[in-house]
Amino acid sequence: MALSSRLTLMMASLVFSFLVLQYLTEAAHQSHMMNNNGAPSPLPPPTLDCGVACEGRCKLSSRPRLCKRACGSCCDKCSCVPPGTAGNYEACPCYASLTTRNQTRKCP
């Protein structure tokens, strides 16, 4: 009889532990989805349309097709394109850091 009650107590303890673990996991997930004010986190930022961004970046280039191709591959890797038609690399450090095999800047 004592063995049966111990087994029942152990099973109840396991079920209780499982429920507590499930509750804590849900609570952690909910807190991850909230910002510091307790409000739900905003949706992730929209993805950048690299074609449009590179069109603007390369519109004054003497070789626009080459510029758009290079810009497009950089944009795909970095998910950003600096504003304007030249320079402004501080707005997108990843874009500025990509280089060719000859260690020249890859992105226009």
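This is a predicted model: local features need pLDDT of at least 70, side-chain atom pairs count only at pLDDT 80 or more; totals for chains, interfaces and linings use all residues.
Accessible areas here come from the Shrake-Rupley method with a 1.4 Å probe, and for residues only the protein chains shown count as cover. Residues are numbered from 1 along each chain as its sequence is written, and side-chain values use heavy atoms, with hydrogens and water left out.

The overall layout comes first. The chain has 4 helices and 0 strands, where helices (H or I, at least four residues) and strands (E, at least two) are DSSP runs numbered from the N terminus. Read from the N terminus, the elements go α-α-α-α. Of the 108 residues, 18% count as buried; buried means under 20% relative accessible area, exposed means over 50%, and partly exposed is in between (1.4 Å probe, protein chains only). Contact is taken as heavy atoms within 4.5 Å. Among contacts in the chain with a separation of 6 or more, 40% come from residues 24 or more positions apart.

Helix H1 spans residues 2-32 and holds Leu 7. Leu 7 is partly exposed, at a relative accessible area of 48%. Together with Met 10, Met 11 and Leu 14, Leu 7 makes a nonpolar surface patch of about 420 Å². Patches of this kind are built from residues with over 30% relative accessible area and no salt bridge, like charges being joined within 9 Å and nonpolar side chains (Val, Leu, Ile, Met, Phe, Trp, Tyr) within 5 Å. An α-helix has 3.6 residues a turn, so residues three or four places apart point the same way.

In the loop between H1 and H2 sits Thr 47, which is exposed with a relative accessible area of 77%.

Helix H2 covers residues 50-57, and Cys 50, Cys 54 and Arg 57 are buried in it. Looking down the axis of H2, these buried residues fall within an arc of 55 degrees, so they line one face of the helix; the arc is that of the directions from the helix axis to the C-beta atoms. What does that buried set pack against? The partners are helix H3 (64-78) and helix H4 (93-97). At the start of H2, a side-chain oxygen of Asp 49 comes to within 3.2 Å of the backbone nitrogen of Gly 51. A polar contact, for the record, is a pair of N or O atoms within 3.5 Å; within protein, one must be able to donate a hydrogen and the other to accept it, and residues adjacent in sequence count only if both atoms are side-chain atoms.

Lys 68 pairs with Glu 55, the closest N and O atoms being 3.3 Å apart. The pair links distant parts of the chain, with Lys 68 in helix H3 and Glu 55 in helix H2, 13 residues apart. Both ends count as partly exposed, Lys 68 at 31% relative accessibility and Glu 55 at 42%.

Past H2, Ser 61 lies in the loop between H2 and H3 and is partly exposed at 29%. The Ser 61 side chain reaches the backbone nitrogen of Arg 63 at 3.1 Å. Ser 61 and Ala 86 are 25 residues apart in sequence but 9.3 Å apart in space, C-alpha to C-alpha.The loop between H3 and H4 holds Tyr 89, which counts as buried at 18% relative accessibility. Leaving aside neighbours within four places in sequence, Tyr 89 is in contact with Arg 57, Pro 82, Tyr 95, Ala 96, Arg 105, Cys 107 and Pro 108. A polar atom of the Tyr 89 side chain lies 3.3 Å from the backbone oxygen of Cys 107. Asn 88 lies in that loop between H3 and H4 too, is partly exposed at 32%, and has a positive phi of about 60 degrees although it is not a glycine. Gln 103, in the segment after H4, likewise has a positive phi, near 65 degrees, and is exposed at 61%.

Technical notes:
A salt bridge is a side-chain nitrogen of Lys or Arg within 4 Å of a carboxyl oxygen of Asp or Glu.
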